[in-house]
Amino acid sequence: MSKKYTMHVISGGHWDREWRLTATQSKLRLAQLVDNVLDILEREPSYKCFCLDGGAVVLEDYFSVRPENQERLKRLVEQKRIDIVPWYTLPETFTVAPECLIRNLLLGKKMAAQYGGAMKAGYTATSYGQTSQLPQIYRGFGIETAIFYRGMNKFQLPSFFQWEGKDGSTLYVKRCTDESTRANWLFFVFYPVVIGKREINFDYTFNPAHEPVHMCDEGLYERPFLLAKEDYSYSTDHDTLEFAVQNIMKQAVPDAVGRHLTGMHFDDNGEPYEFTAPMLEALNAVSPDMEIIQDRWDEYMDTLIAEAKDLFVHKGELRYPAVIHGFNGLLGATHSSRVKLKLLNEQAESLLTHHAEPLASMAAMLGWRYPELLLAQAWQSLLQNHAHDSICGAAVDQAHEDMLYRFSQARCVAEEVAAGGSVELYKHIDLSCFQPGDYTITVFNTLNQPRKAILPVFIDLPRQVTAGGGGDPCTGLGGGAAQNIHYYDILDEQGRQCTFHTLSKDDVVVGVERVLDTPALQMPAKRHRILLEVDAPPMGYASYALRPRGPRYIEKPETRGDRPLLARENGVLENQFMKVTLNPNGTFDIESKVTGRHFKNLHYFTDNGEVGNAHFCIPPQRDRVVSSIGLSAHIHMLEGNELRGVIEVSLKLPIPKAAALDQGDRLSELVELPITYRLTLEKDCKYLKIRTRLNNQARDHKLKVNFPTGVATDEVSVESAFAVEQRCIQYTESGDNFEKFFPYQPMQNFVDLSDGESGFAFLNKGMREYEMKDDAERTLAVTLLRTHRAYMTANSQMTPDEFAKYTGLHSIGEHEYRYALYPHVGGWEQGEVLQAAYAHKAELRAVQGAPKPGTLPPTLSFIDVQPADALMVSAFKQSEDGTGFILRIWNTGGKLVNATLQFALPVRTVERVMLDESPGTDLPLCDGKVRFDATPHQIVTLKLSV
C-alpha cells in the first residue's frame with residue numbers, strides 16, 4: 001500500500017561566489033566542495049543528484065583551480081547527477097538592466113552546454129523580488145518552470161501556481177518555504193538527525209572533540225573558527241528519526257501539491273551529505289505516512305505539472321514581503337546599498353548596449369571585423385558583478401573593491417569599441433559635399449528615436465602660425481595667428497547655417513596616431529569647446545562641417561530686442577518648455593509652459609539615521625531627520641547663452657557623524673555634508689538636467705533628495721525589465737509582520753507621477769531606489785546614499801577600531817549623480833517619458849574629420865523602426881553564432897503594434913528568432929523593408945544576415 005505523501009528531497013549547495021569572502025578567496029573552498037561532489041557521486045551511485053545553483057560561473061571558477069576534472073564533471077552532468085542552473089551568475093533582476101538578464105542566460109546556457117547542459121527549470125531564487133517579464137524571458141529560452149522564494153509568501157500565493165507575464169507568457173512556479181527558503185530539509189531533518197539540533201538556530205557550543213581551529217594573529221583573527229574534525233554519521237535512534245519525520249511533515253504538508261512534499265537541502269556553500277541514501281532508508285522505516293525519495297528539480301517539476309489541477313494564476317510582479325519571521329524576506333533595501341556600485345554598473349551597461357555594440361554592428365555590416373571576443377570578455381566581467389550578493393552590495397569590502405576593476409574592464413572595452421566603430425563608420429561616409437579646408441563633425445545616434453539636441457563637442461583646430469604683422473594689442477588676434485582658428489561657421493550637408501555657441505578656446509597639444517611613425521606624435525591645436533544644435537536620425541548619423549572664415553564685421557550694429565538667454569543672474573533658467581526659479585535655500589520652482597502646472601520647492605535634501613545592513617533598512621531607535629530646507633545656499637550662474645543655461649548651487653548639510661554602536665541614537669557630534677549640484681537647461685529640451693556631487697564623511701545615515709510634486713494620484717509608473725509597472729503608493733498596514741511596509745521600491749530609468757492630464761517624471765542614470773510619500777504633496781524621494789553596518793565579520797559586537805575598518809559600506813568619499821526632471825502632458829505614454837529617459841541615458845557620439853569621398857550619404861538612418869513611440873530597441877549586436885546580427889525590440893505598451901523596419905544596411909534576410917537565438921520564422925524583406933506584429937508587451941528578436 002502506497003503512503004499518503006511522497007517527500008522529494010532536492011539536494012544542492014547555494015554557492016555565494018563573493019559574499020563572506022572575495023571570489024578569489026572562495027575558489028579554494030569551491031575546489032574542495034566540487035571535489036567532494038565528484039567523489040561522492042562517483043562512489044555512491046544511490047546519491048541521485050546534486051545541484052550547483054550558483055550559475056555556470058561556478059564551472060568557470062572551479063576549472064581555473066581544477067582543470068584536470070573537466071571530463072569527470074561533464075560526465076556527471078550528462079548523466080543528470082549534477083545540475084547546473086541556466087544562468088551565468090544568479091542576478092538581482094530589478095537592479096541590472098533588462099538586456100543584461102538576456103545576456104546572462106545566453107552566457108550561462110552556452111557555458112553549461114559545454115559540460116552537458118543546464119537543467120530545464122529557471123532558478124532566480126536569490127533575486128529580491130521577481131520582475132513581471134521573467135515568464136517571457138524564461139520562455140524565450142525554452143524554460144517553462146521556475147523555482148523562487150523571495151517576493152512570495154504562503155499567505156498570498158499557493159505552493160505551486162502559474163505565473164503570467166505582461167505579454168501573456170506563463171510559467172509553472174514552485175514557491176519555496178517561508179520558514180527556511182531553500183533549506184527546510186536541512187533545518188527540519190538534517191539538523192536533528194545529523195547535527196543533533198532540535199530547532200533552527202545558528203549557535204555553536206564549543207566542543208574540543210571537533211578540534212576547533214582559528215586564526216588568531218592581528219591580520220586574520222576575524223576569520224571564523226574551522227572545525228577540523230567532524231562526525232559525519234547520522235543518528236539511528238528511533239525517537240530521533242521519528243521526531244525528524246514528524247518535524248518535516250508538520251512544516252511541509254501545508255504546502256503539499258497533491259500528495260507531493262518538497263524537501264530542499266541548499267545550504268550556503270553546502271556540500272553533499274554522503275550518507276543521504278542510507279539516512280533516507282532509516283527515515284522511511286519510521287515514516288508511516290510519507291515515502292521519502294531523492295529527486296532532481298526537473299523531474300520533480302514534471303511530477304507537479306502532471307498532477308496539479310486548476311492552478312492559481314498570478315499576474316505581474318512578485319514583490320510580496322515576508323509575513324512570518326523566518327528566512328524568506330523580500331530584503332527590499334538592497335537597491336540603495338553601496339550606491340556607487342549601481343552608478344558604475346549603469347555606466348558599463350549603457351556603454352555596452354547603447355554605444356559599443358550598435359556602433360560595432362553597423363560598422364561590421366559594412367565590412368569591419370566585429371570585436372566579438374573583446375566584447376564577450378567585457379560582458380563576462382560585467383555579468384560577474386551581477387551576482388545577487390555582488391550587485392546588491394552585501395559582500396565584504398574587498399569583494400566590492402574587486403568589482404570596481406571588473407566594471408573598469410567592461411567600461412574600457414566598451415569605450416574603445418564605440419570609438420573604433422564610430423571611426424570605421426566615418427570612413428564610409430561621403431563628405432565631399434563640404435569644402436576643402438572644412439572640419440567635419442559626424443554625430444551618431446544609436447537609439448531608435450530621432451534626436452534633436454544641444455551637443456557639446458570639442459573641435460581641435462591645428463595651430464598654424466603665419467608670418468608677419470603685428471597683432472591687435474587688445475585681442476591678440478591678427479598678426480602671426482591664423483585666422484581660421486578664430487572665425488568659423490558650422491553648416492549642415494545642405495549648406496544651411498547651424499546654431500552653435502563657442503564656450504572656450506584653449507591651446508592644447510593633441511596626440512596623433514600614425515602607422516608609419518612613432519605613437520608619440522603631437523600636434524599643436526586650438527581646442528574649441530562648442531555647443532552645437534544637432535538633429536540626428538534614428539539609429540544613424542548626421543554630418544556637419546566647421547568652416548573657417550574671415551571676420552564678419554557689422555559696420556552699423558542694430559538692436560534686435562531681448563536675447564533669449566537660457567540663464568540669468570537672478571537665478572532663473574528658462575526655455576520654451578519651462579521656467580526654473582531658484583530659491584535662497586537651494587530649492588527651485590518649475591513652471592511648465594506645456595501643462596501650466598507649477599512645482600514648488602523641489603530638490604531639498606533630508607538625512608536620517610541608518611543602522612541596518614545591505615538587506616534591511618533600519619533607523620536608530622531614537623532618530624532625527626535633518627533637512628536642507630532651513631539652509632542658505634550659494635548660487636552661481638556658470639553659463640547663460642542662447643543654447644544652454646547652467647546654474648550651480650552649493651550648500652553644506654550638518655548631519656550627525658554616526659550612530660551609537662548600540663544602534664540606539666544618532667550621535668550629537670556633527671559633520672558637514674557638502675553638496676553641489678548643477679542645473680542645466682538646454683534649448684528645445686523638455687527636461688531639466690541635474691548633476692549632483694557630494695563628499696560623504698559620515699556613517700550610519702540615509703540621504704534622499706525630495707520633490708514635492710503636488711500630483712493627485714495614488715500610483716506611480718516605473719520602468720522595470722522590459723516593462724512599465726503601475727505601483728500603488730498608499731501605505732499598507734502590516735501589523736507585527738516580519739517585514740513591514742516598504743515605502744522604497746526599485747526602478748530602472750524613470751519613475752513618473754500623473755493625474756491623467758499632466759505628470760512629473762524623474763529620469764535617472766544608475767540610481768535604483770525611489771520612495772513615494774503618501775503626503776498631500778505626493779513627494780517623490782530618491783535615495784542618493786545609504787550607509788549601513790557590517791554583519792559578516794566573525795565578531796558581531798565590534799570595537800570602535802574594528803568598526804572603523806569597514807568603510808566601503810559607509811560609502812565614504814566623493815559621489816556623483818546625474819538625473820533629470822521632466823514635466824509632461826498626460827501619462828507616461830502620452831508624455832513619451834520612456835523615450836525621454838533613454839535620450840537622457842544614451843548620449844550622442846561625435847567624430848571630427850575632414851571632407852572626403854565615401855559610399856554612404858552625409859546623413860542616414862541605418863534602421864528606421866516605426867512606430868518609434870511604441871517600440872524600443874534594447875539590443876543591436878552580433879548573433880551568438882557569428883552568422884548575423886541580432887536586433888531586439890520590445891513593445892512598450894499594452895496594444896498590438898504593426899511594426900515596420902526600413903534598412904539602409906545591406907540586409908539580405910530577416911528571421912524572427914527566440915530570445916536564445918534559436919531558429920524561428922523568416923520574414924519577407926522587400927526593398928529593405930520588413931513588417932511584423934508585436935503583441936502587447938512582447939519582446940521581439942530579429943536575426944539579420946548580410
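Patches, our opening topic, are made of residues with over 30% relative accessible area and no salt bridge; like charges are joined within 9 Å, and nonpolar side chains (Val, Leu, Ile, Met, Phe, Trp, Tyr) within 5 Å. Accessible areas come from the Shrake-Rupley method with a 1.4 Å probe, and for residues only the protein chains shown count as cover. A salt bridge is a side-chain nitrogen of Lys or Arg within 4 Å of a carboxyl oxygen of Asp or Glu.

Before selecting anything, note that this is a predicted model: local features need pLDDT of at least 70, side-chain atom pairs count only at pLDDT 80 or more, and totals for chains, interfaces and linings use all residues. Residues are numbered from 1 along each chain as its sequence is written, and side-chain values use heavy atoms, with hydrogens and water left out.

**Stop one: the surface patch**

Select Y204, F206 and F225. Together these residues make a nonpolar surface patch with about 370 Å² of accessible area. Y204 sits in the loop between α6 (184-195) and β8 (212-213); helices (H or I, at least four residues) and strands (E, at least two) are DSSP runs, numbered from the N terminus. Is Y204 buried, partly exposed or exposed? Its relative accessibility is 43%, so Y204 counts as partly exposed (buried means under 20% relative accessible area, exposed over 50%, partly exposed in between, with a 1.4 Å probe and protein chains only).

**Stop two: the largest cavity**

Now go inside. The whole structure holds five cavities of 30 Å³ or more, and the largest has a volume of about 150 Å³. On a 1 Å grid over the protein atoms alone, a cavity is a set of points where a 1.4 Å probe fits but cannot get out, and lining residues have an atom within 4 Å of a point. Grid points are joined across faces, edges and corners, and a volume is the space filled by probe spheres set on the points.

Select A97, P98, E99, H354 and Y838: of the 17 residues lining the largest cavity, these are the closest to its centre. Then colour α4 (98-113), α10 (339-364), α15 (833-841) and β42 (871-878), the elements that give two or more residues to this lining. Helix α10 supplies the largest share, four residues.

**Stop three: salt bridges**

Stay with E99. R888 forms a salt bridge with E99, the closest N and O atoms being 2.5 Å apart. Since R888 lies in strand β43 (residues 885-891) and E99 in helix α4, the pair ties together parts that are 789 residues apart in sequence. Both R888 and E99 are buried.

Next, select E317 and R727, whose side chains meet in a salt bridge at 2.7 Å, N to O. E317 is in the loop between β12 (313-315) and α10, and R727 is in strand β32 (residues 723-728), so this pair ties together parts 410 residues apart in sequence. E317 is buried, with a relative accessible area of 16%; R727, at 7% relative accessibility, also counts as buried.

For another pair, select R72 and D39, a salt bridge of 3.0 Å, N to O. R72 is in helix α3 (residues 70-78) and D39 in helix α1 (residues 23-43), so the parts they tie together are 33 residues apart in sequence. R72 is partly exposed at 22% relative accessible area, and D39 is partly exposed at 33%.

Finally, select K48, D83, D295, R296, D298 and E299, which are linked in a network of salt bridges. To finish, zoom out: the whole structure has 58 salt bridges.

Key. 1 Å grid on protein atoms, 1.4 Å probe; cavity = no way out; pocket = protein on both sides within 12 Å on 5 of 7 lines; lining within 4 Å.
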